[in-house]
Every structure is written in C-alpha cells, then in structure tokens.
Amino acid sequence: MAERDPEGGMAAPELSVVCKNCGAEVSPYVTECPYCGTRLRKRAPKLERRGDALEAAKKKTRRKRVRPFRRGGAAVQRPYATLAAILGSAALLLVQKAGGDSLSTYGGLIVPIGDQWWRVLTAPFAYSDVGYLFVVAVGLAIFSTGLERRLGSFPTAVLLLASGALGALAAAGIADARGDFAVIAGGNGMALGAAAAWFAIRRAEAHEAIEVEYDAVGVAVAAVVLLALPAFVPSADFFAGLIGGAVGGLAGLAASAMRSSH
C-alpha cells in the first residue's frame, strides 16, 4: 500500500516483507508476491487510517461472557426442588407437633442405626423445632434456588438429598464409633451442601468474566451460622453439616467442570 509523501505525491510502497520464493521485498499488506505470485498470507490485514498513513488494524479483544447454566435451553422458572424440601419438612413438623410424638417417630436418625437404614434419607427432613427449620429454610431459599436456575430441579433435588443423607450417615458413623447414643435430624447438611455447590459454580462463573461478581463474605457468614446450629439445637450435628457441605462443594465443582468442557 502506497503512502502519500509530504509534497502530495504518492511515495513508494513500504517494503518490509521478503518473499521466500524469489527473495524480493514486497509490501506487508499484499497476500501474493507481485514478482513471482507466491502466496504470502491467507488474507490481507485490515487497514486503519492514522494521520496521512494507512496501518494494519490492531486486533480487538472481546470480553468473554459467561454462559449461564441452562436446562433444556431455558432457565428454570420455579424452584420446585427447593420448595419441596422446605414445604415437605414444614408439613412433617406440623404433623409431629400436632400428634405429640417424638422426633424419632417422624424420621429422625437414631444411633446406632441398626436395620433402619431408611432413616438416613428421612433425617434431613425431620426437625425438632420451628427455629431450626427456619434457619435451614432461609439457607435453602438463598442458595438452592440459584442452583435450580443453573442445574434444573431434578439435579438440584439429587444434590440436596445426597448432601443431607451422606452428611447424616457420616455423623451417625462417627457417633457410633464413639459409642454415643444420639438422634440426628434436620437439614443443616443439606443447606450447607447447597451453599457450597452454589459458591463453587459462582466462583467458576466469576473466574471466566470480569463483570461477574459474588459475595464470598456473605457465603462465609451463612456457612458459619449453619455450622453453629449444633450449639443451639441438640438434633443438629456438626459433622452432618460439614460432610454435607463437602458433598455439595464437590458436586458444584463437577458441574462447573462439565460446563466448561462443552
């Protein structure tokens, strides 16, 4: 490409590329050697006018946008799994209080378990009082609903059940190894699993794009509150919450890894 000289005429082309075939110097803005016809590049660079000269345009970097988790191409509108976990537990607690029966009658996990292994699945939905249920329900409303928007209702339901059940099973195993008699109940492991999974996914989203942010301090405060529940509620178990959070965190990492691979 020729440049305009100071007197208004056309100056000679800028010769800075050497043809590998004939050795001639040619303009860096051509795709073929004008002397021998050898192909120099696939396409000519785009040019920009800077003052009186034309220069190759700089490549523009596009900011990467995070693709949100989708289920079937559309975001889940209603958090059915979260509502089922909260409302089902509330209904069970209401029936328990109305009947006046003990917590073990309505799904609490009794240590040692014996042959009643099914209590591992029911324990995360059994509560001893309204305050315990309220704290867990708030945690699920904050984090589990965000999971359903990304993963869908069925995967979220499986994650919640796995976090709560595996947490209760681990807590029962630890109590049995100590020789303790205990009744383990409540969804602190389920809520911590949802919080850990949500955090893992949001952290992956924020790592891929600058404009995506997440409140790490808020997640930490919520986790501390859920882990501290055993200090105020006898049926809440610390290890059930800890293991449940670990299960949810691993599930969130796996979901993020699967998303990035597609």
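In what order do the elements of the chain run from the N terminus on? The order is β-β-β-β-α-β-α-α-α-β-α-α-α. The chain has seven helices and six strands.

The structure is a predicted model, in which local features need pLDDT of at least 70 and side-chain atom pairs count only at pLDDT 80 or more, while totals for chains, interfaces and linings use all residues. Residues are numbered from 1 along each chain as its sequence is written, and side-chain values use heavy atoms, with hydrogens and water left out.

Confidence was examined by pLDDT, the predictor's confidence in each residue on a scale from 0 to 100. The chain has a mean pLDDT of 80, and 76% of its residues reach 70 or more. Residues 1-15 form one of them, with 25 contacts beyond four places in sequence. Residues 70-76 form another, with eleven such contacts. A contact means heavy atoms within 4.5 Å. Where pLDDT is low, predicted coordinates should not be read in detail.

Of the 262 residues in the chain, 37% are buried. Buried means under 20% relative accessible area, exposed over 50%, and partly exposed in between, with a 1.4 Å probe and protein chains only. Among contacts between residues at least 6 apart in sequence, 65% join residues at least 24 apart.

Helix packing was described by axes fitted to C-alpha atoms, for helices over the stretch in contact, with angles from 0 to 180 degrees between N-to-C directions. Helix α1 (residues 80-99) packs against helix α3 (residues 130-151) at an angle of about 165 degrees, and their axes lie 8 Å apart. The two helices are therefore roughly antiparallel. Angles over 145 degrees count as roughly antiparallel, under 35 as roughly parallel, 65 to 115 as roughly perpendicular, and the rest as oblique. The crossing of α1 and α3 is right-handed. A crossing is right-handed if the near helix is turned clockwise from the far one by less than a right angle, and left-handed if anticlockwise. Residues of α1 in this contact include Y80, A85, I86 and L93, and those of α3 include V130, L133, L140 and E148. By class, the contact of α1 with α3 has eleven nonpolar residues, four polar and one charged. Nonpolar covers Ala, Val, Leu, Ile, Met, Phe, Trp, Tyr, Cys and Pro; charged covers Asp, Glu, Lys and Arg; the others, Gly among them, are polar.

Helix α1 also meets α4. Their axes come within 8 Å and cross at roughly 40 degrees, so α1 is oblique to α4. Y80, A81 and A85 of α1 meet S153, T156, A157 and L160 of α4. This contact has five nonpolar residues, two polar and no charged.

The axes of α4 and helix α7 (residues 238-261) come within 7 Å and cross at roughly 140 degrees. These helices are therefore oblique to each other. Their crossing is right-handed. The contact includes L159, L166, G167 and R178 of α4, with F239, I243, G244 and V247 among the residues of α7. Twelve of the contact residues are nonpolar, four polar and one charged.

Strand β6 (residues 182-184) contains A182. A182 is partly exposed, at a relative accessible area of 23%. Beyond four places in sequence, A182 touches L109, I110 and V111.

Methods. Helices (H or I, at least four residues) and strands (E, at least two) are DSSP runs, numbered from the N terminus.
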